[in-house]
Amino acid sequence: MVDECQVHRPGDPVTDYFSGQVTTPRTLIYEGRCKVQQTISQAGNASVGGHQFTVQDSRVDFPVSAGPLQVDDVVTLTVSVLDPQLAGRVFRVGELFHKSFATAQRTRVEEVVA
């Protein structure tokens, strides 16, 4: 694994009493090596609130020791050695990976492209 990423877990939204601004706190779960793998070249299209999205199914692999990860954790690619276009991309964990003799956590993620 030559790429690097951060995994954050979103918390419950918090509303500022004075300004009314809503923020979502995040907890850093993992920072380190990872690998991005697109599983299929097919995407789904969704429409929400009059805006159309393309959702791509992908996979991010982590070392077995990473985490523990949960569904809805947010993965941000920070460094990509072989494809600089991957740096900055954000994915949402959609499925977890469990295996007795795992050599990596092969985690299914979704990237929402506006």
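**View 1. Arginine 92 is partly exposed, with a relative accessible area of 31%, and its side chain meets that of aspartate 72 in a salt bridge.** This is a predicted model, as are all the views that follow. Arginine 92 belongs to strand E7, while aspartate 72 sits in the loop between E5 and E6, so to speak a distant part of the chain, 20 residues away. The N to O distance in this salt bridge is 2.5 Å. Arginine 92 also meets the side chain of glutamate 110 in a salt bridge, at 3.0 Å from N to O. Because glutamate 110 lies in strand E8 and arginine 92 in strand E7, this second pair ties together parts that are 18 residues apart in sequence. Glutamate 110 counts as partly exposed, at 31% relative accessibility.

**View 2. Aspartate 72 has a positive phi, near 85°.** Here we stay with the loop between E5 and E6, where aspartate 72 is placed. Aspartate 72 is a residue other than glycine, and most residues of that kind have a negative phi. How exposed is aspartate 72? Its relative accessibility is 40%, so aspartate 72 counts as partly exposed.

**View 3. Glycine 67 and proline 68 are joined by a cis peptide bond.** Omega for this bond is about 15°. Most peptide bonds, by contrast, are trans. Proline 68 is found in the loop between E5 and strand E6, the latter spanning 74-79.

**View 4. Lysine 35 and aspartate 61 form a salt bridge.** The closest N and O atoms of the two residues are 3.6 Å apart. Lysine 35 comes from strand E4 and aspartate 61 from strand E5, so the link joins distant parts of the chain, 26 residues apart. Lysine 35 is partly exposed, with a relative accessible area of 32%, whereas aspartate 61 is buried at 3%. Arg59 joins Lys35 and Asp61 in a network of salt bridges. Across the whole structure there are 7 salt bridges.

**View 5. Glutamate 111 makes a side-chain polar contact with arginine 89.** The contact between the two side chains is 2.7 Å. Glutamate 111 has its place in strand E8 and is buried, with a relative accessible area of 7%. Which residues does glutamate 111 touch, leaving aside those up to four places away in sequence? They are Thr54, Val55, Gln56, Arg89, Val90 and Phe91.

View 6. Two aromatic pairs turn up in a search of the whole structure. In one of them, the ring centres of tyrosine 17 and phenylalanine 18 are 5.1 Å apart and the planes stand at 90°, so the pair is edge-to-face. Tyrosine 17 and phenylalanine 18 are both exposed. Tyrosine 30 and phenylalanine 62 also form an edge-to-face pair, 5.7 Å centre to centre with 90° between the planes. Tyrosine 30 lies in strand E4 (residues 26-48) and phenylalanine 62 in strand E5 (residues 51-62), so this pair ties together parts that are 32 residues apart in sequence. Cysteine 5 and cysteine 34 are in no disulfide. A search of the whole structure finds 0 disulfides. Cysteine 5 is buried, with a relative accessible area of 1%, and cysteine 34 counts as buried at 0%.

**View 7. Phenylalanine 101 sits in the loop between strand E7 (90-95) and strand E8 (105-113).** Is phenylalanine 101 buried or exposed? Its relative accessibility is 75%, so phenylalanine 101 counts as exposed. Valine 64 is 37 residues from phenylalanine 101 in sequence, and the two are 9.8 Å apart in space, C-alpha to C-alpha.

Note on methods: Residues numbered from 1 in each chain as written. Predicted model: local features only at pLDDT ≥ 70, side-chain atom pairs only at ≥ 80, totals over all residues. Heavy atoms only, no water. Helix = DSSP H or I, 4+ residues; strand = E, 2+ residues; numbered from the N terminus. Buried < 20%, exposed > 50% of the residue type's maximum accessible area, 1.4 Å probe, protein only. Phe/Tyr/Trp six-rings, centres within 6.5 Å; stacked < 30°, edge-to-face > 60°. Polar contact = N/O pair within 3.5 Å; in protein donor to acceptor, adjacent residues only side chain to side chain. Contact = heavy atoms within 4.5 Å. Disulfide = S-S within 2.5 Å. Salt bridge = Lys/Arg side-chain N within 4 Å of Asp/Glu carboxyl O.
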